[in-house]
Amino acid sequence: MADLRIDLAGIKSPNPFWLASAPPTNSGYQVQRAFEAGWGGAVWKTLGDPILNVSSRFAAVSFNGQRVAGFNNIELITDRPLEVNLQEIYETKKRFPHHAIIASLMVEPKQEKWHEIVKRVEDVGVDGLELNFGCPHGMAERGMGSASGQVPELVEKQTYWVKEAAKTPVIVKLTPNITDITATAEAATRGGADAVSMINTINSLAGVDLDTWNTVPHVAGKGAHGGYCGPAVKPIALNMVAECARNPLINVPISGIGGISNWQDAAEFILMGATGVQVCTAAMHHGFSIVEDMIDGLNNYLDDKGIASVMDLVGRSVSRYSNWGDLDLNYKIVAEINNDVCINCNKCHIACEDTSHQCIDLYSEDGRPMLKVREEDCVGCNLCSIVCPVDGAITMVERKSSIPPMTWNERQTLISSLSK
Amino acid sequence: MAPKQENAMSQQLTRNFLELTSSMTKNEAIEESNRCLYCYDAPCIKACPTSIQIPNFIKKIASGNMKGSATTILEANPIGASCARVCPTEELCEGACVLNSSTKPIKIGELQRYATDWAMATNAQLFKQGQNNGQKVAIIGAGPAGLSAARELSRFGYQVTIYEAESKAGGLGSYGIVSFRLPNEVVDWEIEQIEKLGVEIKTNTTVGVDISAEEILEQYDSVILAVGMGAVPNLGIEGEDLDGVHDAIEFVRKTKMGPLTKDIVGKRVAVIGAGNTAIDGATCAVRLGADNVQILYRRTQKEMTAYKFEYEFAKQDGVEFKWLTAPKKIIGNESGEVVGIECTKMKLGEAGADGRQRPEEIEGSNFIIEVEAVIKAIGQTRFVSLIEAFGLQHTNGVVDIDEATMQTSNDKVFACGDVVFGNGQGEAMVVTAVQQGKDAAYKIHERLRKPSEIA
């Protein structure tokens, strides 16, 4: 049994699975149900000045019949009075003293506003604060959320104001709606953040109704951009986590968020530098009980790998994430087809023929259809193995190169030294 | 029987003949269609005698393009709604599905039904009659082959007239396939689609009686013979004229027309033969309320020509199979009604000319099975006199054709469907007949079209 406890910038929780600040953490009732189900922590739905929400808030994207491949929302921060939320946080913390409760906060970019709310939430016993600089809709129009999160100076300044008042660890939640997330992550670090979390949702429009021509979702015939999340955004989030993790100027822990649906996703984020993860869409799709497999699966994975504590897994893949210019130009892999496993759907052939390098031949041997890779033309792109529906039918295998490794950067250096 | 009981009985029998399987729900269809791998050079297409672009029609279901899906199916197969229900899919498309080797094959037949049901429900007009090219084609027989040929010829612009001896078009679909597999509405819809393309179907018109073969040959630029096959031949044993002896084709046919008979209720029935028609006869007898139904076959399960799924279906219906059992005599009572069938046990001997082991009688093994009805299902007779009226060469009633051109010994006359099946010229399935109908139409078009139309 591996130790799943984490310590993220001083915030301790029994496992790395937190519910992200979102509809699932709207109330004490929900958060307590989540803790009963096994979640290690919860970031309370963002507190701030009271707002009004609209009716019709969510939409999802299905892919080939698979529901909720991506999820989109136009809901704002909490629409419940601050006093009610604070009371429920207090009660929940009392009932679950060892679980992490983090208050997500969003107020106008004014020093006194931040000081006031920090004091009020810390008074009810939260374990940490998360500054919502990421919400892309509704609040941004009022100068909050991603409107401040897209400007590094505002991130730095507001983080600083919070740190002036805060006694608990401060996590800064970043928006992905920016060219380079490391710019705002660095700013948060400069402002004194104890940790960063990412990603918030990505600007999105889920769809257009082909009959009514309304947006999806729509509010009385009108729509507005929302925030996109769910499994579809995982690769975007993972890259942002990895970019921050390998940046020496961002030397604070990371809480990973974005499309995490199971323990495998979580393990990937942890390997890429996240100390813990936050989940929302998967819980909204399936309920709180999904955490059971997350905990169980991660535990079994760690046991299989002989790793005693999940904290020992954090960041183990970061050093493997690099720049294109540092990749070995002389490394060679090719596709190999196992005709005994192949079911002859020919998807590899047509994918290669139409859209890649035309190196998979169809032929027949004793009347049996066969496929073969012409290795000399194969560039090792992986496409065939990606479209292949059967495990083990196509393997990408290494071919020893006769030339020593050389990266683009090394090559450029060599060329310039020769031309001198 | 009291009127009330009789009414309940009628309702029960009617229910017994309702279509067995229901159409997929939208959710099922979406889920299943998304499972399709969309193979390149897909084996299912090659396994379909009509070469339906199966991955395409399935993809279109997944994308919500139902009109496109139905069109893709019916373009290749004018009887695609019937075939969705009656094709032995595990021998054809589904049997060829690559997923047989990894998970489980796509339910192609059910998806095809889902798409064609959509076309029926919306009554979409998917095809158009071609511009009249001034040429006339007569088709003898409005079964799957004839209807298929008519649809294609009409799209090319020919004026098509079908001569049909029965009161209704559809052939096997209307009269031969049990309604719990293929309800009349499906066939009726398919006929209607073809009529909408300007095809004239003269029903109750027997060629050779109401119009002569010579008249047809004179009046039309080309003729297609698609008359199928006739009644079940005689067994050649004593007692065949007794009351209670049925021809399987006729027996099934009656279940598709008018009120269902109550004559079989509570009776013991013997079916002679073990082909697909025998299964139809047996399962219809079960559904007509028979107490016990036995299939008697002089060979063994191995030689049986019924499809495996038909055999399984009959067993599930409670039909008993008596292998190596040959009828010798049907026994009647003084009122001329069947009371039993005398049989003899058989054994398999040397292989015959067709490669199958010949059954041989075991001396002194005679025994009697008590039954009140006997259904004969030992093949079908050929319309030899009609074939000869057209002056066509034939082999044992199977019209000789040049397979490359579909032409008979009279180059103006083409033939397709059951009338050319047998003697090694393909396997008799509705879907093969449909393809032959298409082929005959294309060959006629090649022969008759004006040089200007040749690209």
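Select Glu88(A) first. In this predicted model, Glu88(A) is buried, because 20 other C-beta atoms lie within 10 Å and a residue counts as buried at 20 or more. Now widen the selection to residues 82-95 of chain A: this is helix H2, and Glu88(A) lies in it.

Which residues is Glu88(A) in contact with, leaving aside its neighbours within four places in sequence? Select Ser27(A) and Gly28(A); these are the two contacts. The distance is 9.7 Å, although 56 residues separate Gln32(A) and Glu88(A) in sequence.

Now show chain A together with chain B. Each chain brings eleven residues to the contact between chain A and chain B. On the side of chain A that touches chain B, colour the residues by type: five are nonpolar, five are polar and one is charged.

Move on to chain B and colour it by domain. The domain assignment gives domain 1 as 16-122 and domain 3 as 245-376. Domain 2 is written in two pieces, 136-230 and 382-453, so select both pieces to show domain 2.

Keep domain 1 and domain 3 of chain B on screen. How many Å separate their centres, taken over C-alpha atoms? The separation is 34 Å. Domain 1 of chain B is also in contact with domain 3 of chain B, through five residues on each side. Finish on the domain 1 side of that contact, where two residues are nonpolar, one is polar and two are charged.

Methods. Residues numbered from 1 in each chain as written. Chains lettered and ligands numbered in written order. Predicted model: local features only at pLDDT ≥ 70, side-chain atom pairs only at ≥ 80, totals over all residues. Contact = placed C-beta atoms within 7 Å. Nonpolar A, V, L, I, M, F, W, Y, C, P; charged D, E, K, R; others polar. Helix = DSSP H or I, 4+ residues; strand = E, 2+ residues; numbered from the N terminus. Buried ≥ 20, exposed ≤ 12 C-beta atoms within 10 Å, placed from the backbone.
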